[in-house]
Protein chains: 2
Amino acid sequence: MAVTIKDIAKRANVATSTVSRVIQDSPKISEATKARVRKEMKALGYEPNYSAQSLANRMTQSLGIIMPEADVTIFQNPFFLESIRGISELSNEKNFTMAIVTGRDDTELLSRVRMMTRANRVDGFIVLYSKPEDPVVDFFHNEKIPYTVIGKPQQYVSETTHVDNDNFQAGKDVVTYLYELGHRRIAYVGADTARTVHKERVRGYQAALAELNLEWDSRYLLGTSYTNEDIAALFQLDTPPTAMIVGDDIIALPLQRALQQIGIRLPEQCSLISYNNLTLADMMNPPLTSVDIDIFKLGYQAAKSLIEKIQDPKEMTKHIIVPHRIVERASCTRINEDPS
Amino acid sequence: MAVTIKDIAKRANVATSTVSRVIQDSPKISEATKARVRKEMKALGYEPNYSAQSLANRMTQSLGIIMPEADVTIFQNPFFLESIRGISELSNEKNFTMAIVTGRDDTELLSRVRMMTRANRVDGFIVLYSKPEDPVVDFFHNEKIPYTVIGKPQQYVSETTHVDNDNFQAGKDVVTYLYELGHRRIAYVGADTARTVHKERVRGYQAALAELNLEWDSRYLLGTSYTNEDIAALFQLDTPPTAMIVGDDIIALPLQRALQQIGIRLPEQCSLISYNNLTLADMMNPPLTSVDIDIFKLGYQAAKSLIEKIQDPKEMTKHIIVPHRIVERASCTRINEDPS
DNA sequence: CTGAAAGCGCTTACAG
DNA sequence: CTGAAAGCGCTTACAG
């Protein structure tokens, strides 16, 4: 069978406990015997048995990743794979494994999570979304299971480590950017305010409008279930928007189609700026100006702080803000300032 | 601490070995004592400790998922997340966990895979891609580690279980579909022939052209690194194509832009049909006719056959073909048959 | 049909 | 600085 700690001990003429200590690089062991033991480990291609380690020290070296309730559309959003890629990168570095947890609804999700913790399959969880009154988060909190959330948590805010963008600021930055290009009438499409990210972006949008004293019409704000007629109506207002902010690159595509269908030319008749900077943004016509929120880093940092917390429970709660930046492409254009 | 087999044994007045056997639903135990033991398990919310089980029976209940060498663009292709979703679904059902393995190149991938198998972290692997002379696959084969591949394996074909579409047939079907709409000059764009999937689709394309006696110009076949000029040149031929097949929905987007830029209107001047049927396809303008290859099922079936193989090594090698179907949308149009 | 005991491969007080 | 021994929570011959 595979080579074990015993084989190494025998060949290096030490006790198994000594081998175990060199695996952990314990300072109690002399450099001389460490070297000797390591030579044997190398020679035999030894790798500690993961199940045995887990059983003995009650650590699984494994992270659970909670996806939002499964829905094909959501899954196909590259956001998730990209953040998982970030998590995966750090996990591989730290020798952690990950388990993706999905479920059709909160109940299923919760029961799977419950089973995993009882069975001791993971050391902690990363929650890839955030929403109000999440029973899964309640569970983590009550059971004192380490977890971090990507996004702004809606419960136990100050006590939960999370990594997020400053979406409020991003919301403002986008308005400022458009303002500086001369835009004064700015609409917002795809405001899925059930999700915290979007709520924050919209808050930032509205705050910036107020600060800049821009006029605003409630019809300027559309959710995710708008119809093409809603878009058309927007451009039949006396004061149609000259620019639109889109909640997510994914939504920009159908929106662009809607605009084309009612004969609005981009970017001449309407500038478009979006969020997430997916590769998609670069492929659109015209290429889409988009806010890069560094999804990979969101995942990477979430995994990093979770692992720190797991390895040292006294680790402080952290709120990590990943910087965003606007990536300029051809979908926004300067217009003449118009006092109307 | 967590409740263990001992607690159950005590409360049910049996030996721990008996509890263990009811966990496994062994036929050796009477229904009466099974019922009694189960009642206690339920009452205490018992869940078998996963590390202990793994250690004792040398099974990890965990699958490794090998991604192709990491490259942002590839990762953002929804194909991977969608197949992982399929794998995840089955894994959750079977109580398996998964570990995603990524690496910058084959060497890094191989060393991570090697470490994981030595450390006994997974029972087997799913390879999400297929390419010639893959050292990772060589490793699995030589070490007799269970694995399945999504796609058509290039090595050890008859001995490796794989799940795939019939991409050759799909290649032919697409041509036939266009032929029946009256198209006679059909180009193919985005033929990434380094990847087996695409090679097969191109083979099918060429076979169908030959069968239907359609004229063909070598300039009709473009790889992935075509320029907009190449596209423009295509339409300046004496016999420009009236329809184009695109290797992947993801590529359809920039291609569509290129076509718009040189003033080709879709679908009037050129029909477009693509592969994968991502949600993207439905969002494009015009919505894209695309071959649905049921990515979810590819993942699900791959996980299924891998787990079967793990649980019973005598399980036969299987080649599973997931059916495809053309999803018609507005990007293909009927044209008058033209004898030219 | 059920139990007592050894073993899976580690870790970690405890003793020296 | 190192070793002997108990223990982590299961499984599985072996015996009855």
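**Sheets, helices and rings**

Student: What is the bridge partner of B:Met244 in β9(B)?

Tutor: B:Met244 has B:Leu272 of β9(B) as its bridge partner. This is a predicted model, in which local features need pLDDT of at least 70 and side-chain atom pairs count only at pLDDT 80 or more, while totals for chains, interfaces and linings use all residues. Residues are numbered from 1 along each chain as its sequence is written, chains are lettered from A and ligands numbered from 1 in the order in which they are written, and side-chain values use heavy atoms, leaving out hydrogens and water.

Student: How many bridges are there between β8 and β9 of chain B, and in which sense do they pair?

Tutor: Strand β8 (residues 243-246) of chain B pairs with strand β9 (residues 271-275) of chain B in the parallel sense, over three bridges. Two strands count as paired if DSSP finds at least two bridges between them, and strands (E, at least two residues) and helices (H or I, at least four) are DSSP runs numbered from the N terminus.

Student: What does helix α9 of chain B touch there?

Tutor: Helix α9 (residues 167-180) of chain B packs on the sheet and touches β6 (186-189), β8, β9, β10 (289-292) and β12 of chain B, where contact means heavy atoms within 4.5 Å. The direction of α9 makes about 160° with that of β9(B), with axes fitted to C-alpha atoms (for helices over the stretch in contact) and angles from 0 to 180 degrees between N-to-C directions.

Student: Which strands does α10 of chain B lie across?

Tutor: Helix α10 (residues 196-211) of chain B lies across β6, β7, β8 and β9 of chain B, and runs at about 170° to β6(B).

Student: What is the strand order of that sheet?

Tutor: In chain B the open sheet of six strands is ordered β7-β6-β8-β9-β10-β12, and its pairing is mixed. At the edges stand β7 (221-222) and β12 (325-327) of chain B, and each has a single partner strand, so one side of each is left without a neighbour in the sheet.

Student: Back to β8(B): are its side chains buried or exposed?

Tutor: Both faces of β8(B) are covered, since B:Ala243 and B:Ile245 on one side and B:Met244 and B:Val246 on the other are all buried (under 20% relative accessible area, with exposed over 50% and partly exposed in between, for a 1.4 Å probe and protein chains only). Four bridges join β8(B) to β6(B), which run parallel, and within β8(B) the residue B:Val246 is the bridge partner of B:Val189.

Student: Now chain A. What is the strand order there, and which strands stand at the edges?

Tutor: Chain A has an open sheet of six strands in the order β7-β6-β8-β9-β10-β12, with mixed pairing. The edge positions belong to β7 (221-222) and β12 (325-327) of chain A, each with a single partner strand, so one side of each has no neighbour in the sheet.

Student: Which helices pack on it or lie across it?

Tutor: Helix α9 (residues 167-180) of chain A packs on the sheet, touching β6, β8 (243-246), β9 (271-275), β10 (289-292) and β12 of chain A, with its direction at about 160° to that of β9(A). Across β6, β7, β8 and β9 of chain A lies α10(A), which runs at about 170° to β6(A).

Student: And what surrounds β8(A)?

Tutor: β8(A) pairs in the parallel sense with β6(A) over four bridges and with β9(A) over three bridges, also parallel. A:Ala243 in β8(A) stands opposite A:Ile186 and also opposite A:Ser271 in β9(A). A:Ala243 and A:Ile245 point one way from β8(A), A:Met244 and A:Val246 point the other way, and all are buried.

Student: Switching to rings, how many aromatic pairs does the structure hold?

Tutor: Over all chains there are 12 aromatic pairs. The rings of A:Tyr188 and A:Tyr205 have centres 5.0 Å apart and planes at 55°, so that pair is tilted. Rings of Phe, Tyr and Trp (its six-membered ring) pair if their centres lie within 6.5 Å, and planes under 30 degrees apart count as stacked, over 60 as edge-to-face and the rest as tilted.

Student: Where do those two tyrosines sit?

Tutor: A:Tyr188 is in strand β6 (residues 186-189) and A:Tyr205 in helix α10 (residues 196-211) of chain A, 17 residues apart, so the pair links distant parts of the chain. A:Tyr188 and A:Tyr205 are both buried.
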